[in-house]
Amino acid sequence: MAAFTPWPSTWVPADGDRPAQIGGFDTRSLAAEYGTPVFALDLADLRSRMDAWAAAANEHFAPERGLAGADVFYASKAFTCISMIRLVVERGLCADVASGGELAVALAGGMDPARIGVHGNNKSAEEIAAALDAGVGRIVIDSLGELDLISAAAGERGVTAPIFIRVTTGVHAGANEYIATAHEDQKFGLSLTDGSALAAARRAVELPNLELAGLHQHIGSQISDLEGHAVSTHSLLSLRAEIARETGVLVPDVDLGGGYGITYVDEPTLSPDEVCARMAGVVRAACEVLEVAPPRISFEPGRSIVGPAMVTLYSVGAIKRVTIDDGERSYVAIDGSMGDTVLRPMLYGSVYTADVASREISGPTVRSRIVGKHCESGDIMIRDIDLPEGLERGDLLAIPATGAYGRSMASNYNLLARSPVVAVENGEATLWLRRDTVSDFFAVDPAY
Ligand SMILES: *Cc1c(COP(=O)(O)O)cnc(C)c1O
């Protein structure tokens, strides 16, 4: 079996004096042209991940296999901009949005509103209005009160709102395990076990200007096995059958959510084919037992589409040796981190790896810690890594698997600029998002 690697498909490590390459582009030239830090997006890698999801969903849920088809909704919160949405459209995927801002970008990128799903646990009146005015394909409700708001807003416009209910099934999945609990103590969704999901379905059927169109679950992130997904999906499909008995509406769609894990260092991951094959089996078996027609299925991958497609290039700055209990540690400071990628290590304790991209440095290594340039001692990109003794100021470090929740969670803390995203393919680079400038900071400051 192939080893799991975090590097995108066109990545070529440095060899002697030749710098590492991505998309046929030399990383040193990329850094010279766009500055650092820079998110280098491997376009071929990204496209192939989208295609793998679309192909797997089409194949495993095909009507010839006794199922009703499946859609792939790219979860745009992982990374979005107009060029990204255009590619999502081109590769035949749909898109999820979780705010008015993400909706505006999806529409600006040319996504058919009917192929947009709107999420959010606290949608504003403006966000509901924007979703209805655009005519989105699904609004996933997350609380009972939201049904009344959407019903009223749809009534004012003389339209019918397609409603999905986000259900918490009591199953929460994480990196390597899942937990199943009867009680829900978190902000998302309507509980299956306390009856609020069924109550929401009843209310959605009663209220005017709403169409109960589907059920939804999203049970966790960075999932590396599907046990929790299988258990949760079975519960969700049972609820669908129960709703049909109680209200007469057998909802046509069931959305299984996202959260499929990627390799950050060497963690094993599931391919879209493995995910779709397994979940198709679960859906088929459950619908047979429940004696109901299978629903059309949706998947909402974010991280597993864009995460592995980007590598962030940083310049090495200050290098400091400190004495620790059992020897020495080298503190290697890079020119970003907390404002871009490091938010994930800080929030979730995520672990990344790194490689020198500017040249191949052989010889001994030293125990190192890669830190950022923000005024926080927690601004640590990689806590423990062996780096070459010969690393110098001006070398480039590449950190892979930064495409998801890197640029999208970036901030201007310390008034550092957020980094650009540059798509590279066949030796050509295209700017997808430019770096912030000081003028951008002044543009929002009326006193300027
Ligand atoms: C965040 C989110 C996703 C995507 O999660 P990934 O871990 O990026 O795949 C999908 N659906 C919903 C509802 C989400 O909130």
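**The ligand and its surroundings**

Guide: A backbone N or O atom of R303 lies 2.7 Å from an oxygen atom of the ligand. This is a predicted model, in which local features need pLDDT of at least 70 and side-chain atom pairs count only at pLDDT 80 or more, while totals for chains, interfaces and linings use all residues. Residues are numbered from 1 along each chain as its sequence is written, and side-chain values use heavy atoms, leaving out hydrogens and water.

Visitor: Which polar side-chain atom lies 2.7 Å from a nitrogen atom of the ligand?

Guide: A polar contact is a pair of N or O atoms within 3.5 Å. S221 places a polar side-chain atom 3.5 Å from an oxygen atom of the ligand. The polar side-chain atom at 2.7 Å from a ligand nitrogen belongs to E300.

Visitor: How many residues does the largest nonpolar core have?

Guide: A nonpolar core is a set of buried Ala, Val, Leu, Ile, Met, Phe, Trp, Tyr and Cys residues joined through side-chain atoms within 4.5 Å; buried means under 20% relative accessible area, exposed over 50%, and partly exposed in between, with a 1.4 Å probe and protein chains only. Among the residues with the most contacts inside the largest core are L46 and W432. The number of residues in this core is 84.

Visitor: Is N209 buried, partly exposed or exposed, and why?

Guide: N209 is found in the loop between α7 (196–206) and β12 (210–216); helices (H or I, at least four residues) and strands (E, at least two) are DSSP runs, numbered from the N terminus. The side chain of N209 reaches the backbone oxygen of V159 at 3.2 Å. Because its relative accessibility is 27%, N209 counts as partly exposed.

Visitor: What is the phi of N426?

Guide: Most residues other than glycine have a negative phi. N426 lies in the loop between β21 (421–425) and β22 (428–433), and counts as exposed because its relative accessibility is 71%. Although N426 is not a glycine, its phi is positive, at about 50 degrees.

Visitor: Is the peptide bond from T36 to P37 cis or trans?

Guide: Most peptide bonds are trans. P37 lies in the loop between α1 (27–34) and β3 (38–42). With omega near -5 degrees, the bond from T36 to P37 is cis.

Notes
Polar contact = N/O pair within 3.5 Å; in protein donor to acceptor, adjacent residues only side chain to side chain.
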